[in-house]
Amino acid sequence: MTDPKPKPKKPRGIARLLADTCIACGARCQSVCPVNCVEMTDSGEPIIDAVKCIGCQKCVKICPASALEMYFTPEELKILEQLAASAAPVEEELDPEAAAIAEKLAMYRGVWVFVEQTEGEPAKVSWELLGVGRELADKLGVELSALIIGKDVEHLCSEAFAYGATKAYLVDAPVYYHYRTEAYLEACCHLIGKHRPEVILMGATGMGRDLAGAVATRVATGLTADCTGLGIDDKRNLMQTRPAFGGNIMATIMCDKFRPQMATVRPNVMPMPEHKPGAQGTIVRENFTVPEESILTKVLEIIRDNHSKSAVDITGAEFIVSGGRGMMSPENFAILQELAEELGGVVGASRSAVDAGWMPTDRQVGQTGKTVRPKIYIACGISGAIQHLVGMQDSDMVIAINRDPQAPIFEVASYGIVGDLFQVVPALTKKIRELKHKNS
Ligand SMILES: Cc1cc2nc3c(=O)[nH]c(=O)nc-3n(C[C@H](O)[C@H](O)[C@H](O)COP(=O)(O)OP(=O)(O)OC[C@H]3O[C@@H](n4cnc5c(N)ncnc54)[C@H](O)[C@@H]3O)c2cc1C
Ligand code: SF4
Ligand code: SF4
């Protein structure tokens, strides 16, 4: 009797780049390679060392542009064909690392939204996040919960239910009256350890940014700040989209090996969900408190910022008339102010106008300014750089006034007026005045 022929080993192949397909996503392929055989060129494309590659396929799987493939020699292809044709099923090699990660991730379920409040007054962004949180929870087939921390804040649970949550984790104690990182961090981490949510969303506000960073560090997970889009992929990963490289590309970031997945979103980026008064949910009261003596930060006095009180909050305005470098000087903003007043709105600005000192920082619209969603946004002498567009493109109506017909602002405009703003804006103001006068 002769020994049976040894079964040929399944070839693993080597990874290779397909021409003209890499989108230079930020070296994801390099970051996952377990044997460090991927180098990046100056233009952000990978060079794979074929000798070192062990054919694990990690880079192929992670590439968002399907720019990588596994290459097999003709001999290897033959073996693959033989194996496929043979009756005996080929035993797939189990990747123990992947199996351990999958087991760990499966322990986390549910979408949480941190409900930010100051002295019991909720921040609107929390409700906006419940809107997108509901979509994520439905896609994942899990519960949407609100995380409410504060003193005498139980009333926020019913508001959270009205905006779509079905559960609220409530931590209510005097120590949480004023926001202090240490106390809120302990409460958050206690709840995360106990209930293991897979997604946590927070507002990209002063409080949200501070808390999210501290929590992500403590629980050793990833955090994507200032997301402009959120979705779920087919492996339950949170797809977190945000501008990158100075706003020149939109990057989709994933945290596929750690949980919870954490993201912050700026106010006004997500639409407000429908408010359904009387909606019911479950309140989970957590009697977790932090000894006052263990908190180093003490609030001695609250000094209200009178400047910010008198400052204009452009984020809530229904009508915004914004000026850019085309305004030429600070005095010229008076014509925008007149138009804004006729409309009952406020004046905004591009970063160029703010950098030139023509308008205060709190009027800046865009990536490093405010995100706005007015009913009407009138852009005057603004070219429409991507960093400006990300802050206003979700306005119900955009009217652009620019003397350059090729200006990119016209691509997002509902109505475009090609002309000199110093003629168009006063003419608009005059017309509105006449119409108002006629109707009064
Ligand atoms: C990391 C980063 C973050 C940024 N964040 C922001 C941000 O938050 N917000 C922001 O706005 N920018 C931001 N920018 C800057 C952005 O890239 C642009 O430089 C800026 O938006 C341009 O401002 P502008 O449109 O006013 O000026 P310009 O690009 O100089 O455009 C002026 C426009 O006015 C028009 N014009 C001139 N005179 C007249 C006239 N008489 N009548 C009609 N039209 C006229 C011109 O045709 C031109 O289109 C950022 C940049 C970077 C790198
Ligand atoms: S297949 Fe695996 S080993 Fe080869 S380059 Fe890609 S990640 Fe590295
Ligand atoms: S993961 Fe894909 S898109 Fe990203 S750098 Fe590598 S090859 Fe290019």
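Predicted model: local features only at pLDDT ≥ 70, side-chain atom pairs only at ≥ 80, totals over all residues.

Colleague: How many residues are in the largest nonpolar core?

Modeller: That core has 35 residues. A nonpolar core is a set of buried Ala, Val, Leu, Ile, Met, Phe, Trp, Tyr and Cys residues joined through side-chain atoms within 4.5 Å. Buried means under 20% relative accessible area, exposed over 50%, partly exposed in between (1.4 Å probe, protein chains only). Val 111, Leu 130 and Ile 148 are among the residues with the most contacts inside the core.

Colleague: Which element gives the most to this core?

Modeller: Helix α5, with eight residues. Helices (H or I, at least four residues) and strands (E, at least two) are DSSP runs, numbered from the N terminus.

Colleague: And what is Ile 148 in contact with?

Modeller: Beyond its neighbours within four places in sequence, its contacts include Val 115, Leu 156 and Tyr 169. Contact means heavy atoms within 4.5 Å.

Colleague: New topic. Which residues of α14 are buried?

Modeller: Leu 421, Val 424, Val 425, Thr 429 and Ile 432. Down the axis of α14, these buried residues fall within an arc of 130 degrees, so they line one face of the helix. The arc is that of the directions from the helix axis to the C-beta atoms.

Colleague: What about the other side of α14?

Modeller: Gln 423, Lys 430, His 437 and Lys 438 are exposed there.

Colleague: What do the buried residues of α14 pack against?

Modeller: Helix α10 and strands β19, β20 and β21. In α10, the buried residues include Phe 333 and Leu 336.

Colleague: What caps the N-terminal end of α14?

Modeller: Asp 420, with a side-chain oxygen 2.9 Å from the backbone nitrogen of Phe 422.

Colleague: Last one. How many residues surround ligand 1?

Modeller: There are 26, and Arg 325 and Ser 350 are among the closest. Near means a heavy atom within 4 Å. A polar side-chain atom of Gln 387 lies 2.8 Å from an oxygen atom of the ligand. A backbone N or O atom of Leu 421 lies 2.9 Å from a nitrogen atom of ligand 1.

Note on methods
Residues numbered from 1 in each chain as written. Chains lettered and ligands numbered in written order. Heavy atoms only, no water. Polar contact = N/O pair within 3.5 Å; in protein donor to acceptor, adjacent residues only side chain to side chain.
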